[in-house]
Amino acid sequence: MKTLRYLLLILVLAITVGPFLWELSTSLKGAGEDIYTTTPSFVPHQPTLNNYAKVADAIPVWRYIGNSLVVAALTVGGNILFATTAGYAIARLRFRGRGLVLGLFLSTLVLPGEVTIVSQYVTVRDFGLADTLVGVALPGMVAALNVLLMYNAFRALPRELDEAAIVDGATVPQRLLRVSLPAVRGTLAVVAIFAFIAAWDDFLWPLIVLTSPEKYTLTVGLQYLSGTFTQDQRLIAAGTMIAFIPIAILFSALQRYFFKGVEEGGVKG
Amino acid sequence: MKTQRWFTPWVLVLPALAWLLVFSVWPSINTLRLSFTDAKPLGGDVDFVGLRNYTDMLHDGDVRTALLNSVIYMAICLPLLTILPLLLAVLVEKKLPGIAFFRTAFYVPVIASAVVVGLIWTWLLDDRGLINNLARHLHLITEPVPFLTDRWLLLISAISLTVWKGLGYYMIVYLAALGNVRKDLHEAAAIDGAGAVRRFLTVTVPGVRGTMFLVSILVSVAALRVFSELYILTGGKGGPGGKDQSLVMLIQQYAGGFYGDFGYASALSVLLFVVTLIPMIVLARLNLRSER
């Protein structure tokens with residue numbers, strides 16, 4: 001029974017991770033090596049990092065990475081700051097209109113982002129931010145889902161936690177920063193990971209906002225690499241690995257917090 | 001004792017609320033407004049044209065094809081992505097040595113950009129790519145299968161990619177729900193001599209019924225919103241004769257460039273919204289009825 005389980009696990013592993021390994025292998029194959037052989041070989045016979053260097057010749061890949069990092073930093077920062085403050089206020093403070101505010105955040109979840117993408121572009125253009133990285137980052141800097149995740153996490157904390165601090169005369173910011181925030185670190189990590197992945201991986205929105213090639217984010221630049229410059233699969237493979245490896249490393253470093261946060265905060269609510 | 005000033009909550013809520021109003025609520029209203037105009041990306045005069053964009057849509061063959069593709073996309077994704085991730089979650093639920101590694105690995109396609117996995121699959125499905133070469137090596141085929149150039153095979157390829165990329169995400173959703181399924185019911189059923197399949201059907205499935213319903217809504221809406229997979233697999237061209245486009249691909253085309261048309265793109269957006277509401281309403285009613 002246990003063996004069968006492991007066999008199934010390994011089969012699924014091959015299906016989910018296999019394509020990435022095949023791409024990695026292609027990216028490491030030398031120019032003299034036939035990558036189209038009918039007996040596919042997973043191990044490069046002439047391993048080389050040359051393809052990675054050549055990506056930088058075909059597209060300004062460092063610039064694109066920088067652009068993606070700027071967008072990701074703004075998105076992560078915005079979501080951490082504003083989802084925390086808004087989630088805290090709705091969950092832990094009493095004020096008139098609280099239910100209405102919560103309802104507004106909930107109702108926008110029903111709306112697929114693609115539906116508003118055209119008029120979002122009109123808004124960003126009217127701000128004079130078309131074809132800028134700030135324009136790419138701006139709409140994603142506060143995600144309603146993240147506000148609700150933080151709201152759920154703060155709401156799950158016991159009332160007594162606040163009451164002791166109130167007796168000690170702690171102000172709202174002090175209570176938020178010293179008492180409640182440390183208790184919801186797991187959810188905060190999930191919000192940060194989600195925000196980074198969303199910004200780093202996004203394609204449609206930067207494709208619409210950006211027109212100048214030097215401002216492209218990595219995903220748009222990659223698509224440009226495969227479409228315009230090259231039919232060389234080794235180069236495209238190296239390019240995809242450049243986009244994929246940072247996020248794979250980030251995720252494996254933080255996956256413990258991620259899975260813990262998902263199991264604790266996200267769902268039970 | 002006064003513990004807070006009246007404006008403190010508002011100071012905390014306001015930034016996020018302002019964002020919501022500017023980038024979500026207002027664009028929703030504005031989409032509806034623009035859909036009755038002839039607004040162009042390059043600015044200039046904007047005139048109200050009444051229902052013209054909507055009547056144009058009725059006669060637009062591209063829109064009809066995109067809708068057909070969307071319905072097929074949803075009809076195939078919905079059962080697969082509602083059931084397969086549940087089986088996967090059951091598989092990784094047990095605390096076996098090394099299970100954390102498998103869970104993380106199964107989640108990897110979720111975190112990778114649709115562009116990245118789209119390019120990887122383009123290479124896998126190429127006429128000279130891994131899958132065709134393996135099949136030829138095993139003498140299953142003599143001619144390469146045109147995964148990326150045949151109108152229907154291309155659609156099926158994109159659907160497979162969507163299913164493959166979504167497995168890990170919905171697996172995690174189910175995994176969280178499985179934690180709430182009562183262990184004693186499983187044990188009782190096991191004592192009664194129920195096998196693994198029977199326990200799955202009589203204990204696990206009813207236990208995660210609510211989550212299955214949620215997942216089926218998420219899957220159907222996500223299938224109707226598909227963009228990147230089709231865009232990358234078709235090299236941005238929408239397949240042979242543009243027959244493999246989705247609604248969002250059409251919206252993207254009209255949203256920019258010299259030939260852009262914000263009015264028409266907005267009308268298409270309204271159509272997309274209405275189309276995504278349909279499975280939500282149908283599934284919600286089915287769920288209510290089966291609860292009674």
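A residue is called buried when its relative accessible area is under 20%, exposed when over 50%, and partly exposed in between, with a 1.4 Å probe and protein chains only. This is a predicted model, in which local features need pLDDT of at least 70 and side-chain atom pairs count only at pLDDT 80 or more, while totals for chains, interfaces and linings use all residues. Residues are numbered from 1 along each chain as its sequence is written, chains are lettered from A, and side-chain values use heavy atoms, with hydrogens and water left out.

**Figure 1. The fold of chain A.** Chain A contains 13 helices and 0 strands, where helices (H or I, at least four residues) and strands (E, at least two) are DSSP runs numbered from the N terminus. The C-alpha trace spans about 75 × 60 × 30 Å along its principal axes.

**Figure 2. The interior of chain A.** Of the 269 residues in chain A, 55% are buried. Among contacts (heavy atoms within 4.5 Å) with a separation of 6 or more, 73% are made by residues 24 or more positions apart.

**Figure 3. Helix 10 of chain A.** This helix covers residues 185-201, 17 residues in number. From first C-alpha to last it reaches 24 Å, close to the 24 Å expected at 1.5 Å a residue; the expected span is 1.5 Å times one less than the number of residues.

**Figure 4. Buried side of the count in helix 10.** Because 12 of its 17 residues are buried, helix 10 of chain A is largely enclosed by the rest of the structure. The buried residues include Leu188(A), Ile193(A), Phe196(A), Trp200(A) and Asp201(A).
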